[in-house]
Amino acid sequence: MTAWFEREWQRLGGGALVFLPLSVLFRFAVFLRRFAYRSGLVKPWRAKVPVIVVGNISVGGTGKTPVTIAIVEMLKANGFTPGVVSRGYGSVPSTEQDPSGVVRVFPERATPELFGDEPVVIARRCRVPVFISPNRPAAVQALLRTSPEIDVVVSDDGLQHYALGRDIEIAVVDGERRFGNGLLLPSGPLREPVSRLKEVDAAIVTGGHSDQVPAPRQFAMRLGGDTFVHLPDNEARTPEEFAMMVRGLPVAAIAGIAHPERFFTHLESLGVRTKNLSFPDHYFYRAADLKLPGAEAIVMTEKDAVKCAAFADGRMWFLRVTAVLPPEFEAFLLERLHGLQAA
């Protein structure tokens with residue numbers, strides 16, 4: 001069903017027309033909610049430190065998690081002490097939550113089944129405090145209460161969470177798929193109209209500049225730093241080393257992400273020939289899913305790897321990638337933050 005919707009979202013076909021009345025209602029609800037916050041009828045909660053929101057206006061993978069990680073690392077390299085809040089898509093037991101439903105993601109203890117795959121990846125890669133909750137203000141309050149040294153908060157996937165006041169908005173746009181048929185859910189892939197991008201501080205476009213992105217500032221992002229990591233022991237190989245190692249062997253590639261074909265195509269560009277197997281986004285794997293008889297090597301994304309670590313065998317590797325942002329973006333972000341500190 002998900003695959004059918006994704007196909008329909010790329011064209012103005014019968015599926016889009018069938019759901020058009022619901023899209024009109026959804027758009028009206030989005031307008032009312034946005035108007036309530038912009039007009040002051042509903043006031044957002046504001047933190048005592050700057051809040052950077054990284055999000056998107058469309059559903060599915062746009063490269064938001066690598067961008068969030070890159071921004072956190074950029075902040076650390078420039079002397080800031082960042083923390084992260086996120087929604088989380090797991091099912092954390094109530095015993096693990098504070099009274100407001102907030103949970104801290106400890107890198108070594110957190111499991112993606114309970115905490116969500118993206119927050120676990122961010123916590124393990126960045127080694128900064130990460131808190132999750134559907135209630136973003138409550139998550140930021142818990143973050144600042146337990147880690148008072150935090151001087152900037154990065155909200156992962158929070159563009160539509162207007163209850164949390166923000167100082168800098170960054171929208172991530174898929175430069176290849178862009179906005180599909182341009183319609184809002186459920187007829188199209190959009191959470192908000194494309195015109196919403198006129199109000200963000202900047203857009204980061206995966207793959208390069210796009211004239212269809214109406215943001216006031218636009219920066220290109222590419223994925224780089226490819227490293228194949230052996231899941232059982234974290235042994236790292238360059239793409240050239242890994243391609244040589246598996247040359248002539250039967251290799252399976254699995255991906256439980258929004259657009260798995262992008263991952264499979266990237267593997268091919270690195271010289272790794274694979275038999276590909278797709279799973280739904282945020283899929284929680286079982287050991288039986290990865291038996292894959294005949295495969296002498298199994299390659300997956302980092303998001304998949306955190307969900308397979310508990311039953312990893314010697315065949316399993318994941319591809320770690322890094323969002324490469326231009327120096328102009330770093331200068332832009334630091335200028336905004338220093339301006340906020342001086343105000």
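Predicted model: local features only at pLDDT ≥ 70, side-chain atom pairs only at ≥ 80, totals over all residues.
Local features need pLDDT of at least 70 and side-chain atom pairs count only at pLDDT 80 or more, while totals for chains, interfaces and linings use all residues. Residues are numbered from 1 along each chain as its sequence is written, and side-chain values use heavy atoms, with hydrogens and water left out.

Let's start with the overall layout. Domain 1 puts 19 residues into the contact and domain 2 puts in 14 residues, where contact means heavy atoms within 4.5 Å.

How much area do domain 1 and domain 2 bury between them? The value is about 1500 Å², with 56% of it on carbon and sulfur atoms. Buried area here is the accessible area (1.4 Å probe) that two parts lose on being put together, summed over both.

Charged pairs come next. Five salt bridges cross the interface of domain 1 and domain 2, a salt bridge being a side-chain nitrogen of Lys or Arg within 4 Å of a carboxyl oxygen of Asp or Glu. The whole structure has 24 salt bridges. Arg-125 and Glu-302 form a salt bridge with an N to O distance of 2.6 Å. This pair links distant parts of the chain, 177 residues apart, with Arg-125 in helix H6 and Glu-302 in helix H10 (residues 302–308). Helices (H or I, at least four residues) and strands (E, at least two) are DSSP runs, numbered from the N terminus. Arg-177 and Glu-261 also form a salt bridge, with their closest N and O atoms 3.5 Å apart.

Which elements give two or more residues to the side of domain 1 that touches domain 2? They are helix H4 (64–77), helix H5 (112–115) and helix H6 (117–126). H6 gives the most, with six residues.

Finally, two backbone details. Most residues other than glycine have a negative phi, and most peptide bonds are trans. Asp-157, not a glycine, has a positive phi of about 60 degrees; it sits in the loop between strand S5 (152–156) and S6. The peptide bond from Leu-185 to Pro-186 is cis, with omega near 0 degrees, and Pro-186 lies in the loop between strand S6 (168–174) and strand S7 (202–206).
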